[in-house]
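Open the model in your viewer and keep the selection tool ready. We will go stop by stop.

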Amino acid sequence: MASISLLQVSVAMILGFLILHYLLFKKPYGRFRRNWPVLRMLPALLRALHRIYDYSVKILEISNLTFPFKGPRFAGMDMLVTVDPANIHHIMTSNFSNYIKGPAFQDVFDVFGDGIITTDLELWKTLRKSYQAVLHRQEFQRFSMSTMTRKLKDGLVPLLDHFAEKGTTVDLQDVFGRFTFDIILILVTGSDPRSLSIEMPEDEFSKALDDVGEGILYRHVKPRFLWKLQNWVGFGEEKKMTKANATFDRVCAKYISGKREEMKRSQGVIDKSNVESEDILTSFIKLDTTKYKLLNTSDDKFLRDNILTFIIAGRDTTASALSWFFWLLSENPKVVAKIRQEVINTDLSRTGNGQENLDKLVYLQGALCEALRLYPPVCFGRKSPIKSDVLPSGHKVDANSNIVICLYALGRMRAVWGEDALEFKPERWITESGGIKHEPSFKFLSFNAGPRTCLGKHIALNQMKIVAVEILQNYDIKVVEGQKIEPVLGIILSMKHGLRITVTKRCLA
Ligand code: HEM
């Protein structure tokens with residue numbers, strides 16, 4: 001039986017690909033909204049895939065902010081794509097309880113296990129409470145600030161000095177990826193992988209994270225049965241996903257057993273410095289489970305899923321934001337001059353006043369928000385209604401259907417941001433009295449909105465600010481001319497070819 005159904009699937013696949021090939025390469029270029037008899041809009045999607053971000057901007061603009069995409073029948077690919085702020089508010093906040101990530105999301109993001117990103121309802125609620133308890137501790141806030149400034153001074157600065165002295169080019173995105181990876185690993189596990197060093201060593205965990213990002217994106221543009229089959233056979237991106245998953249299991253298991261040993265050894269020893277630098281894994285192992293009844297902290301799988309979630313949430317997001325920010329600065333020298341003026345007296349070494357100093361940097365914050373608006377690191381979100389509903393835009397959504405919110409397009413909609421939506425204008429974020437202008441999160445969705453708002457927003461903004469201050473005070477960054485700057489297809493909006501730069505030390509009179 002199994003072999004007959006596999007044969008049928010194979011024949012169907014070959015036929016599908018023949019038709020697809022014909023449509024893609026023999027037919028004249030059709031409009032994205034063309035609905036073919038069997039494959040419906042899939043050919044157009046595949047054809048536009050390499051420039052899907054800008055395509056989504058155009059399609060959503062001409063579709064009045066909401067576009068129903070039709071995939072091949074029975075492939076489970078139909079989705080309502082929207083960037084309408086009224087719909088976003090409805091889905092993310094006012095009717096939050098009806099819109100979940102759902103089983104299809106969990107299926108696609110299966111490597112995340114039961115971490116906070118993939119779960120819903122009661123389990124998500126309990127996880128969120130426990131995450132808040134861990135992250136909002138004052139000791140943890142101080143630990144994260146001191147970790148960031150230490151990595152900046154002992155890791156990033158020597159590395160930039162080295163490249164400035166040598167005069168060689170370096171990929172700034174790679175540098176930021178290593179910087180954020182080391183920081184999040186220290187915050188989560190207490191161990192420093194030291195990936196940010198002049199030798200630029202390859203890290204298997206980092207590589208696995210990259211492979212998973214690519215694999216997840218492909219799962220979004222292939223019929224479910226196809227990637228499931230590919231996974232079963234062990235082929236292409238799915239083979240890499242399986243390998244990456246095994247790497248996550250192995251590396252996380254090492255951190256977890258190491259931490260349990262370390263805690264056993266130090267049992268009974270009350271050391272204030274331990275509390276001051278308590279990492280997330282330790283806090284989870286020590287979690288009072290009478291308060292969080294659904295969580296089983298003695299289960300290594302629970303710990304694996306949750307430390308992995310933190311690492312995924314905290315690494316590439318901030319690195320991507322910083323890379324696009326510095327690229328935008330290279331195109332806007334007037335903004336650089338204004339930020340330099342603002343940060344001239346900011347002293348990062350006074351860690352006691354660190355937060356206060358960073359909070360004063362209004363123009364810098366405006367520039368960072370502007371970069372996050374144009375290049376949101378998490379470039380799309382998915383939701384699924386529990387019960388059928390009608391969105392404020394008038395679109396009916398069935399129970400269990402897929403809704404995709406395209407954050408990249410949202411930040412570029414003229415109907416939402418005005419005629420100058422495509423321009424990089426930090427002034428957009430400054431009030432007349434010189435304070436930071438608050439934009440509602442259903443319009444500025446880069447850190448998500450409603451009850452599932454990003455839990456690392458504060459850490460991420462601080463991290464970006466200290467890097468920006470350090471670099472703009474002490475270095476000149478020059479982007480190497482002639483390189484192609486474009487976003488990669490992935491779940492995080494990184495630069496496809498990186499960002500090659502040269503760096504020189506500024507002569508401060
Ligand atoms: C510029 C950097 C960052 C951006 C743009 C960002 C953006 C986001 C977005 C859009 C979500 C919602 C994802 C979804 O529901 O599918 C999210 C969730 C989350 N983020 Fe961030 N993030 C950033 C940095 C961080 C950092 C540094 C951490 C951890 C230290 C973090 C921790 C989390 C967590 C735990 C969630 C899950 C919240 C929940 O589902 O309740 N993020 N983030």
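Ala, Val, Leu, Ile, Met, Phe, Trp, Tyr, Cys and Pro count here as nonpolar, Asp, Glu, Lys and Arg as charged, and the others, Gly among them, as polar. This is a predicted model, in which local features need pLDDT of at least 70, side-chain atom pairs count only at pLDDT 80 or more, and totals for chains, interfaces and linings use all residues. Residues are numbered from 1 along each chain as its sequence is written, and side-chain values use heavy atoms, with hydrogens and water left out.

**Stop 1: the ligand**

The shell has 24 residues. By class, 15 are nonpolar, 6 polar and 3 charged. The closest are Lys101, Trp124, Arg128, Arg452 and Cys454.

For Trp124 the distance is 2.9 Å. For Arg452 it is 3.1 Å. For Arg128 it is 2.7 Å. Helices α6 (121-135), α14 (300-314), α15 (316-331) and α21 (457-474) each give two or more residues to the shell. Helices (H or I, at least four residues) and strands (E, at least two) are DSSP runs, numbered from the N terminus.

**Stop 2: the iron**

Which protein atom is the donor to the iron atom of the ligand? Select Cys454: its SG is the single donor from the protein, 2.3 Å away. Donors are N, O and S atoms within 2.8 Å of the metal (3.2 Å for Na, K and Ca); water is not among the atoms, so sites may look incomplete. Cys454 is in the loop between α20 (414-417) and α21.

**Stop 3**

Strands pair if DSSP finds at least two bridges between them. Select the open sheet of 5 strands, ordered β1-β2-β8-β5-β3, with mixed pairing. Its edge strands, β1 (66-69) and β3 (99-100), each pair on one side only. Zoom in on β3 and β5 (residues 380-385): they pair antiparallel over 2 bridges. Tyr99 stands opposite Pro385 there.

**Stop 4: the sheet of three**

Move to the open sheet β4-β10-β9, where pairing is antiparallel. β4 and β9 stand at the edges with a single partner strand each, so one side of each has no neighbour in the sheet. Between β4 (residues 170-171) and β10 (residues 500-505) there are 2 bridges. Find Asp171 opposite Arg500. Then select β9 (residues 475-479), joined to β10 by 5 bridges. Finish at Ile477, which stands opposite Val503.

Definitions and conventions
A residue is near a molecule or strand if one of its heavy atoms lies within 4 Å of it. A polar contact is a pair of N or O atoms within 3.5 Å; within protein, one must be able to donate a hydrogen and the other to accept it, and residues adjacent in sequence count only if both atoms are side-chain atoms.
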